[in-house]
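Dear colleague,

Please find the structure below, together with an account of what was found in it. I would be grateful if you could read the account with the structure open.

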Amino acid sequence: MLKGLKIKNIFFILLGSAIFSFGIVHFNMQNNLGEGGFTGITLLFYFLWEWDPAITNIILNVPLFFIGWRFLGKNTFIYTILGTVAVSVFLRIFQTYQFHVALKNDMTLVALFAGVFIGVGLGIIFRFGGTTGGVDIIARLVNKYAGWSMGRTMFLFDFVVITTSVFVILDLVEGMYTLVAVYVGARVIDFLQEGAYSAKGATIISSKSNEIAEKILSSMDRGVTVLDGRGSFSGEKRDVLYCVVARNEIVKLKAIINEIDPHAFVAVTTVHDVLGEGFTLDENKNPIQD
């Protein structure tokens, strides 16, 4: 096994592949619902000629394996092969041992559940360093080099595939429900990718900044950055505090500020990615194990 590969990552990539494949078989395939990306192409072949998605998934992804090897590094490449092969294996298993979900008369639920299962499955795979090949590789490359979220890239690519599917095999209503499923999946992916690290950042302007900073440090064990500020109207110089806390700590932070200075100006924002002591590093600067 290559250096750096983790058993935990392998386990969750397999789990994500199983969840993804379950959604494809039990919601998309059973209800004539399309999908985007290379998965959408495999479903298109399935609906047209009943080609097995488990096989076409592997065939379509072989060329992109070379791109993955060149741009994603060895470990990510291994995780990608694992995810792609696992998806094909689970597609075959769930097609063989599937049960029918009686939702044909409620396509809204079909679209929502398809999006959730696919989004959760792919989100877990991405979260632990893998892909399922196809547009997942393209989305990861765009995220790495252009900064676009994976969900956004996949949605744009998916739109092209779904539009083609509507003209070839899906009717307009099925195409519209497919778009709903893809959109839900993209949002779930972004939540699992960014929301997993979500925290709150507070910008605090107060005449009692020293007291507030000391109280945050002593009561919450959170660091505070002090910035030099100046009012544009009054020209008065004043310290500006910036503090990042976990989502469940924001209520306590507000209580501390209100207790010391009820008239303080506080702006709270959502922080999607947090690195450093107290979040990804402990007090000794060592990585915190998930």
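This is a predicted model: local features need pLDDT of at least 70, side-chain atom pairs count only at pLDDT 80 or more; totals for chains, interfaces and linings use all residues.

Trp-51 sits in the loop that runs between H2 and H3. Together with Leu-48, Trp-49, Phe-167 and Val-168, Trp-51 makes a nonpolar surface patch of about 570 Å². H2 and H7 are the elements that give two or more residues to this patch.

**Two loop residues with positive phi**

The loop between H2 and helix H3 (53-71) also holds Glu-50. The phi angle of Glu-50 is near 60 degrees, a positive value in a residue other than glycine. Glu-50 counts as exposed because its relative accessibility is 66%, and the limit for this class is over 50%.

Asp-221 belongs to the loop between helix H9 (209-220) and strand E2 (225-230). Its phi angle is near 55 degrees, again positive in a residue other than glycine. With a relative accessibility of 65%, Asp-221 is likewise counted as exposed.

**The nonpolar cores**

The largest nonpolar core has 28 residues, and the members that touch the most others are Ile-24, Leu-122 and Met-154. Two or more residues each come from helix H1 (7-29), helix H2 (37-49), helix H4 (74-96), helix H5 (107-127), helix H6 (135-146), helix H7 (150-168) and helix H8 (172-194). H5 provides the largest share, eight residues.

Apart from neighbours within four places in sequence, Ile-24 is in contact with Met-29, Glu-35, Thr-39, Leu-43, Leu-91 and Ile-118. There is also a second, separate core of 15 residues, with Ala-213, Ile-216, Leu-241 and Leu-253 among them.

Which residues of helix H10 (residues 250-260) are buried? They are Ile-250, Leu-253, Ile-256, Ile-257 and Ile-260. These residues lie on the same side of H10, because they cover an arc of only 120 degrees around the axis. An α-helix has 3.6 residues a turn, so residues three or four places apart point the same way.

The cover over the buried residues of H10 includes strand E1 (199-205), H9, strand E3 (237-246) and strand E4 (265-271). On the face of H10 turned away from the buried side are the exposed residues Val-251 and Glu-259.

With kind regards

Notes: Residues are numbered from 1 along each chain as its sequence is written. Side-chain values use heavy atoms; hydrogens and water are left out. A nonpolar core is a set of buried Ala, Val, Leu, Ile, Met, Phe, Trp, Tyr and Cys residues joined through side-chain atoms within 4.5 Å. Buried means under 20% relative accessible area, exposed over 50%, partly exposed in between (1.4 Å probe, protein chains only). Helices (H or I, at least four residues) and strands (E, at least two) are DSSP runs, numbered from the N terminus. Contact means heavy atoms within 4.5 Å. Patches are made of residues with over 30% relative accessible area and no salt bridge: like charges are joined within 9 Å, nonpolar side chains (Val, Leu, Ile, Met, Phe, Trp, Tyr) within 5 Å. Accessible areas come from the Shrake-Rupley method with a 1.4 Å probe; for residues, only the protein chains shown count as cover. A salt bridge is a side-chain nitrogen of Lys or Arg within 4 Å of a carboxyl oxygen of Asp or Glu. The arc is that of the directions from the helix axis to the C-beta atoms.
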